[in-house]
Amino acid sequence: MTLSSTLPRIESLDLTTKGERPTRALVRVDFNVPIVQGQVSDDLRIIEAARTIEWLLRRDVTVVLCSHLGRPKGKPDPKLSLSALVPKLAEVFGKRVNLAPLPPSTEASKVVEEAGVGSIVLLENVRFDPREEAGDEEFALELASLADVYVNEAFSVSHRPHASITGVPKFLPSAAGFGLLHEVCMLSRLFAPQERPYVAVLGGAKVKDKIGVVSALLDKVDEICIGGGMANTFLAARGLRVGGADVEEAQLAAVRATMEAANTKRKVVHLPSDVVAAQRFDKDASYEIFEVDSVPSDWIPLDIGPETARQYADAIKAAGTVFWNGPMGVFEWNAFAAGTFAIAEAVAACNGFTVVGGGDTASALKACGHVADVSHVSTGGGASLEFVRDEDLVGLRALREVRQARKIDRG
């Protein structure tokens, strides 16, 4: 039995008209999209949720969208209002979208009650209320009181025990959206891949964010390629100092234990042999290529070097399964993008099953024009890492475990 088969499906929800009004569905989405000069600059996450939303609209359901934007720290912030999303949502779905305040405001209930058949209501940034991130059950009940059913279409935040993720399913019949199910199906193929060798490529800044994933992957993969800032701590654990690179001293013991486990399990862990280093952290700084043990003490490594990129690319191209999460350097700056782009090219050229996870990694793939050349691009960076590590998420358990939601007293 696959994990996706254990999740309640949207088709199982009772969407019949409730008396004289349409059924209302609270849909948790992740519309944490970039806003530039008051407009959505990348609508990928909206497009990915469109199938679920349009499926509900075609069944005359009133769709109440619930999302977050940024990190408002539990209080209203005009710069993080979802009002900026209204024009884009209206454009994508071809209908008017009404913005409503969060409950317990009576205005929220009024906007939802006045919404017609097959209409869309967008709740204000759910993180404006501190109870969301606290996983407060009362807030979950207030959200649930706006609807008859609940749909989780936000895989990318389903690792968060927040009220709108793990709380609402306690009060409403709940199901997984099409996008969430697709994520689970595709990422589940990484648990026991049939295509070998299985190569994982992990980058990013911090070891503490990914050391647990590295350890878990040792039981699944054949090879792991380490890049980005986290590689500096791995190199330090082997007794190498890479110029003026930051090293997470608190993680050295865990890294050494992981490397020992890799040796015991006969797994190959690739580390950079050369780097692109700069005299300062600046996109216009002078830079040179050094072997890892010859970087001047006052220079900062900002990308893997060409020899490392070649070695990693060779491993990737020969793989049967690839999981890539995290850039190899500061790819947003042209001078330090070559390593990350080389990995993107290699993943795209791989004939096996390829998964790319995380916003930055997906952006790098998009910049190279290779989004269509991989098997799956996951929008959930942290969620995909936790899912690959734990083979489950709290948001998925919330959907599976609540067999019968408590009845809400609607007065």
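How are helix 9 and helix 10 oriented to each other? They are roughly perpendicular (a term for angles of 65 to 115 degrees). This is a predicted model: local features need pLDDT of at least 70, side-chain atom pairs count only at pLDDT 80 or more, and totals for chains, interfaces and linings use all residues. Residues are numbered from 1 along each chain as its sequence is written, and side-chain values use heavy atoms, without hydrogens and water.

**The helix pair**

- Helix 9 spans residues 230-237 and helix 10 spans residues 252-264; helices are DSSP runs of H or I with at least four residues, strands are runs of E with at least two, and both are numbered from the N terminus.
- The two pack at an angle of about 75°, with axes 9 Å apart; axes are lines fitted to C-alpha atoms, for helices over the stretch in contact, and angles run from 0 to 180 degrees between N-to-C directions.
- Thr 233, Phe 234, Ala 236 and Ala 237 of helix 9 meet Leu 252, Val 255, Arg 256 and Met 259 of helix 10 (contact: heavy atoms within 4.5 Å).

- Three strands form an open sheet in the order 13-12-14, with antiparallel pairing (strands pair if DSSP finds at least two bridges between them).
- Strand 13 (287-291) and strand 14 (300-304) are at the edges with a single partner strand each, so one side of each has no neighbour in the sheet.
- Strand 12 (residues 274-278) pairs with strand 14 over 4 bridges.
- Val 275 has Ile 304 in strand 14 as its bridge partner.

**The helix on the sheet**

- Helix 11 (residues 306-317) packs on this sheet and touches strand 12, strand 13 and strand 14.
- The direction of helix 11 makes about 35° with that of strand 14.

Notes: Angles under 35 degrees count as roughly parallel, over 145 as roughly antiparallel, 65 to 115 as roughly perpendicular and the rest as oblique.
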